[in-house]
2 protein chains.
Amino acid sequence: MPTYVIPQRDMEFVLYELLNIKQTLAQLPAFTDVDVETINQTIDAAGRFAKEVLAPLNGIGDAQGCSIIDGKVKTPDGFPAAYQRFVEAGWPTLSASEQYGGQHFPSVVTNALFELFQAANLSWCMFVGIAHGAYKCIHRYGSSELKAIYLPYLVNGQWTATMCLTESHCGSDLGLIRSQAVPQNDGSFRITGSKIFISGGDHDLAQNIVHLVLARLPGAPVGSKGISLFLVPKFVPNADGSLKPLNNVTATSLEHKTGLRGSATCAMNFDGASGWLVGEEGRGVMNLFLMMNEARLGVGIQAVGVSQQAHQNAVDYARERLQMRSVRGAKFPDQAADPIMVHADVRRMLLTQKAWTEGARMLVYWLSLQLDIEAAHPDPIARRQAADLVTLLTPVAKAFSSENASSVADLTVQVYGGHGYMVDCGVEQFVRDARVQQIYEGTNGIQAQDLLGRKVLADGGEKLGALLQLISDFVADHWTNLAMREFLSPLINLPQQLLQLTEQLTQAADNNPDEIGAAANDYLRILGHVVFAYLFARAAAVAGAKIAFHDPFYGAKLATTRFYFAKLLPEVAYRFQSVQAGTAVLDQLEETSWFL
Amino acid sequence: MPTYVIPQRDMEFVLYELLNIKQTLAQLPAFTDVDVETINQTIDAAGRFAKEVLAPLNGIGDAQGCSIIDGKVKTPDGFPAAYQRFVEAGWPTLSASEQYGGQHFPSVVTNALFELFQAANLSWCMFVGIAHGAYKCIHRYGSSELKAIYLPYLVNGQWTATMCLTESHCGSDLGLIRSQAVPQNDGSFRITGSKIFISGGDHDLAQNIVHLVLARLPGAPVGSKGISLFLVPKFVPNADGSLKPLNNVTATSLEHKTGLRGSATCAMNFDGASGWLVGEEGRGVMNLFLMMNEARLGVGIQAVGVSQQAHQNAVDYARERLQMRSVRGAKFPDQAADPIMVHADVRRMLLTQKAWTEGARMLVYWLSLQLDIEAAHPDPIARRQAADLVTLLTPVAKAFSSENASSVADLTVQVYGGHGYMVDCGVEQFVRDARVQQIYEGTNGIQAQDLLGRKVLADGGEKLGALLQLISDFVADHWTNLAMREFLSPLINLPQQLLQLTEQLTQAADNNPDEIGAAANDYLRILGHVVFAYLFARAAAVAGAKIAFHDPFYGAKLATTRFYFAKLLPEVAYRFQSVQAGTAVLDQLEETSWFL
C-alpha cells in the first residue's frame, strides 16, 4: 500500500525561501503576531495527523465507501474518529476570526496544512474542505444574527458545511436552477427542491450540517439573476444552542463514483425546509462565488497533495523494482537487475511528476499569500494588486494544476506497470480520486472560458498586463546574473508573445464570440506555463544563490527547474500553434455529420 | 448506460476507399477468392453480435468480475453463452489456414471485425483475442505433431490460449524468468513455476486452455538466451481427442484490477505440469515475439474500439445535454438551453476524439493489410516492404494509439462532467478498461525504446527511410492538386525533419546509449504524428475527390482532417523541442536527492 512522507523541506522552501512569507506577513498588521515557530509546529503536527491518522484511512474509505442506513449516511470506519481528532486539534478554526473562536492564521499557512491533509486522504477532506469557504461567505454576506448563530460552530468544527448548487438538469448552467424558496412571515423561507452531487450532504462526523443552497424566489427573473442564496441547516438551532428536530432535508441517495469513494456524494431533497437568506435577493450566484473561488483554489491544493503523494510512491517503486540493466552498464551488479530508476525514460516520468508537483505548490502557495495581502495589507494598491492576481490566476490554479495532477497520478500507474493496474497496490486510486478535480467546482472547460473571457479580455487585459509586468521586471532584475540566464532566456519572450496573442484574440472575439471558447483551452495551458516558468525561475534564483553551500537540496531544485524548462515548458510551442486554428476548424462538421 | 452503433461507413471508407483492399487483395493469390460481399456480410454479422450480445455484457462484466469457485474460474453471467455463439458463428477461425479448419480470411478483415468486438466489450475479448497469435506461433514453430493436435481446436474455438510470460519479479525483463522445464524420457517436459497477470488463465468458456509458457531448461544460460517456449495444456489430450485429467496447472488467484474486471487475470501455478517444447531451445523469447507482435497490433485494435465507443457516447451526450446558450445566440430557443455541442470547447473535445479514433483506425487497418501482403504477395520485394512497415510501426500502433485512446476515453468523462464521474453512467469504465493498453504487451516506454533502438537505429534508418520515402512520394504525387495543398503543406517538411532528428540521435546514441531512452518517448509521438498526418492526407485525397457528390460524409472526413492538422499535429512542435533536451536534464538529480 502507498506510503506518505511529509514533504517538509519542499514546503518550507516555498514558504520561507521562495515566498519569504515572514517578511510579507510582517507587513500585514493583522498577522504580525504569527511567528515561524508557531507555523512550523502547526505544520509538524498537521503532518503527523495526515500521516498517522488520515493516510491509513485512505484505502479503507475507497474500499468501504459510504452507505445510507435508516436514512442516515454512515461514513467509512475511522472517518468520524479522525474528524474528532481534527476538531480537538483545532484545525477547522485556523483561518477564522478570533471573534468567532478562530485562530486567524494566514491563508498561506492554512493552505499548506491542507496540502498535507489532501495528500493523505482526498475523500476524508471532502467533509471538511468546504467549511472555511462557507465561513467566509456567511461572514461577508450573512446577517449579524446568522453570523452569531452559525459561525462559532463552523469554526469549532461541531458543524460542517455544504454547497448545494447542482440539480440533475443543471451543473455548469446555474441559471436553470428550479429549487424554490417561499418567504415566511417570520423572515425565514421554505426551501423545496432536489440537489445532486452534494459532497458531505449527510454524514456521521458532526452534529449538524449547514447547507448553502441556491434557490429561486417566487416571481424571480429567469436565469442566474433570479437566484438567491439560503442557509439551510440540517437541524435548526434554538436560541440556547440546542437543536430542533430534523429540518426537512434528507439525503435520498449516494452516488457510486469512480473515485473519492470515501466521500459521501449525496442527492438531497429539500421539502419545505427552513432556510434563511444570505445576502441580497437575486445575488445568490454572485455571493456564492466567494465560496466557489475559495473552493477552486482548494482544488489546486488537492492537486498538489495528490501529486506529491503519487510522485513519492512512484519514486519509491522505481528505487525498489529491479528490471534490466542500465544501458551504460550494470549499476548494481550484485543484484539480479538494476532498479528501474536507472532507465532514462523512467527518470523522465519521475521528473515530470516532480516538476508538476513543485510548480503547482509554488502557484497555490503564492496565490494563498496574495489572499492574505488582499485581506490585510495596509496599502489599498497592494491589496488591489494581490486581489487581481488571485482573480486572474484562480482558474489556472484550479484547471492547470488538476490536469497536471491527473497526469502525475497516471504516471505513477505507468511507473508501476502491470502492478499499478492492480487495486491492491493502491496507486490506481490516486488516478480515480484525482480525476474529479478537473470536473467539480466548474469544469476545466468553464475555468478556461472564465480565464480568457472574464479575467483577461473583460478588463482589456489589465490584470494580465500586471502579471506579465511582474514577470518582465523579474527577468530584468536578474538579467545581470549570468548564472540565471539559462532560466531567463526561455522566459524572456513569453510575456510579449502572450500579450500579442491576447490582442489577436481580443479582435477575433469582437468578430465572433466563439473565438473565446475555441482558444480558451490552449490559452489556459499557455498562461499556466508562463506562470510556472516565472515561479521556477524564481526558485532557481533562490536555489542558485545558495548553491555554494553544497546542499544537494538546492542542486535538486535547479535540476527540477532545468527539467521543467527543457521538457515541459516546450508545450507552449504546441499551444501557440494550436490556438491559431481559431473556431473555423471547430465549425466545419455539420451537426448531423458526426456519424454517417 | 452506453450505447454502441457500428461505425460501418467509417470502416468501409478505410477498407475500400482509403486502402482499396479489393485491389490489393486481388494481387495476392491466396486471397483472390475473398469478395467484398462476403466481407461486408461478415462485418455486418459481427457488428450485430458485438452490439446485441457483447455490448450488453460490458457493464455486467465490470460489476461482477470473475471469481474462483472450487478452484475453477467463473466468468461473469453471459460470458460463456456469448462465447458459444462466437464459436458457432465461426469467428475464431477466420484467419486460420483451411488445413486446420480456418477460413483463411485476410488479416485486414479479421482485425476490422475485432474492432467491433473490442468496442463492445474489451474484457470479454481478453478470452479470445490471443488465440490467433497462439495459432500463428504454434503454426510456425511447433512440431507437426503439436500442430496436428492443437491447431484444429484453437481454430474451432473449443480451446483457448494464453501467453505465460510475467512472473512477480519480472515483467519487462524476461531474462529474469525462473520457471523451470525438466526434460522427460518421452520427449515432454515438466514445467514448474509461478506466473502472474495471465489473461484467461482459467475460465468456463471453453473445454481446454493452451498455455504458451516461457521457462528455463536445466543448465540454460542466464538471461533471455536461456529461455525456451513450452506448450502446456490445461488438459492433455489423448490420441482420440478425449482429455486426460487436469494437468498440474492451476489458477491460484485472480487479480482485482482497476479495469477490465470481466477478464480473468490469473496467478498461475505450474507444478510439474506436462509441456512440450515449441521451437528451438533457448529461442523462447524470440519465438514468442511472433505472438507478441500480433498482440501489440491487437492493442491498437482495442484502442480503436474503445475510442470509437467512447467518442460515440460523448457525441450522444453532447447532443442531449442542455446547458447554456451558444455565445452567438440561442440555437434552440424553444428549449431551456442549447445542447452543449454548440460550445466551441465541447466541439474541440469531440473532434479530438474523432481524429484520434479515425487516425488509429487508418493506421491499424493499413498495417493489417501489410500483414496480408507480407504473407501472400508473390513479389518478395513487396513482401519485404510490407514486413518492414509492420516491424517499424507496430510499436507506434500499440503505444501511440493506446495513449490517444486513454485521452479519448478521458474526454468522454469530461464531456459528461459530474455525471461522467458516476459509475452508473458507464463511461468511466472506458477509462479504466483502456488504461491497461498502455501497460500490457510491453509498456509504452518499452515500445518507444523498441521503436527508436531496434526498429529505427539498428538498421541505420533503412526501414524508417522507406516509410518517409512513401510519404514524400505521396506529397509529390498530389502536389499539383491545389485542393490538396492545405493537407500537404504541414506534411511536406516532416520527413526531412524526422530524418535529421534521427541522424542527430544516431550520433548522440553512439556517445551515450542513454540518449535513446531519453529521446524515445518524444520520438514515438513524433513518428506517430508523421504517420497520422500521412494517413489523414491520404484520406483527404480520397474524400476531396468525391466532394462533388455533396455527400456530407466526405465533408466530415475533410473537416476531421483539417481539425487534426490544425489542433493535434502541432504537438510535434513541442516534441521536436523536448527531444533536444537529451539525457542531460534527466541525469542531474542525484539518486539520493529525490526527497530531502
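Me: How many residues does the contact take from chain A and from chain B?
Reply: In this predicted model, 80 residues come from chain A and 80 residues from chain B. A residue belongs to this set if its C-beta atom, placed from the backbone, lies within 7 Å of one in the other chain. Helix α18 of chain A, residues 552–568, gives the most to the side of chain A that touches chain B, with nine residues.

Me: What is the make-up by class of the side of chain A that touches chain B?
Reply: That side has 39 nonpolar, 24 polar and 17 charged residues.

Me: Why are the two copies said to be related as by a two-fold rotation axis?
Reply: Chain A is superposed on chain B by a rotation of 180° with 0.0 Å of shift along its axis, and the RMSD is 0.0 Å. The two copies are therefore related as by a two-fold rotation axis. In chain A, the C-alpha nearest the axis belongs to A:Y574, 2.6 Å from it. The same surface serves both copies, since 100% of the contact residues of chain A recur in chain B.

Me: Why does B:K557 count as buried?
Reply: The cut-off for a buried residue is 20 or more other C-beta atoms within 10 Å. B:K557 has 27 C-beta neighbours inside 10 Å, so this residue counts as buried. Its place is in helix α19 of chain B, residues 552–568. Leaving aside neighbours within four places in sequence, B:K557 is in contact with B:A539 and B:A543.

Me: Why is B:A382 called partly exposed?
Reply: Partly exposed residues fall between the exposed limit of 12 or fewer and the buried limit of 20 or more. B:A382 has 16 other C-beta atoms within 10 Å, and is therefore partly exposed. B:A382 lies in helix α12 of chain B, residues 380–416. Not counting residues up to four places away in sequence, B:A382 touches B:I373 and B:H377. The C-alpha atoms of B:A382 and B:S368, 14 residues apart along the chain, are separated by 15 Å.

Me: What makes α13(A) mostly covered?
Reply: Eleven of the 14 residues of α13(A) are buried. Among them are A:N444, A:I446, A:L451, A:L452 and A:V456. The elements that cover the buried residues include α11 (380–416), α14 (462–478), α16 (494–511) and α17 (514–545) of chain A, together with α11 (344–376) of chain B.

Me: How does the reach of helix α13 of chain A, from its first C-alpha to its last, compare with what is expected at 1.5 Å a residue?
Reply: Helix α13, residues 444–457, reaches 18 Å, close to the 20 Å expected.

Me: Where does α13(A) bend?
Reply: The bend of α13(A), about 30°, is at A:D450. The angle is taken between axes fitted to the seven residues ending there and the seven starting there.

Me: Which residues of chain A does UniProt give for the feature "domain: Acyl-CoA oxidase/dehydrogenase middle"?
Reply: The unreviewed UniProt entry places this feature at residues 163–271. In the model that span is 0% helix and 49% strand, and its end C-alpha atoms lie 17 Å apart. The annotation "domain: Acyl-CoA dehydrogenase/oxidase N-terminal", also from an unreviewed UniProt entry, covers residues 78–157 of chain A, a span that is 65% helix and 0% strand. UniProt (unreviewed entry) places "domain: Acyl-CoA dehydrogenase/oxidase C-terminal" at residues 290–450 of chain A. Over those residues the chain is 72% helix and 0% strand, with end C-alpha atoms 15 Å apart.

Terms used: Residues numbered from 1 in each chain as written. Chains lettered and ligands numbered in written order. Predicted model: local features only at pLDDT ≥ 70, side-chain atom pairs only at ≥ 80, totals over all residues. UniProt positions renumbered as here; feature names shortened; annotations may be inferred. Helix = DSSP H or I, 4+ residues; strand = E, 2+ residues; numbered from the N terminus. Least-squares fit on C-alpha atoms with pLDDT ≥ 70 in both. Contact = placed C-beta atoms within 7 Å. Nonpolar A, V, L, I, M, F, W, Y, C, P; charged D, E, K, R; others polar. Expected span 1.5 Å × (residues − 1).
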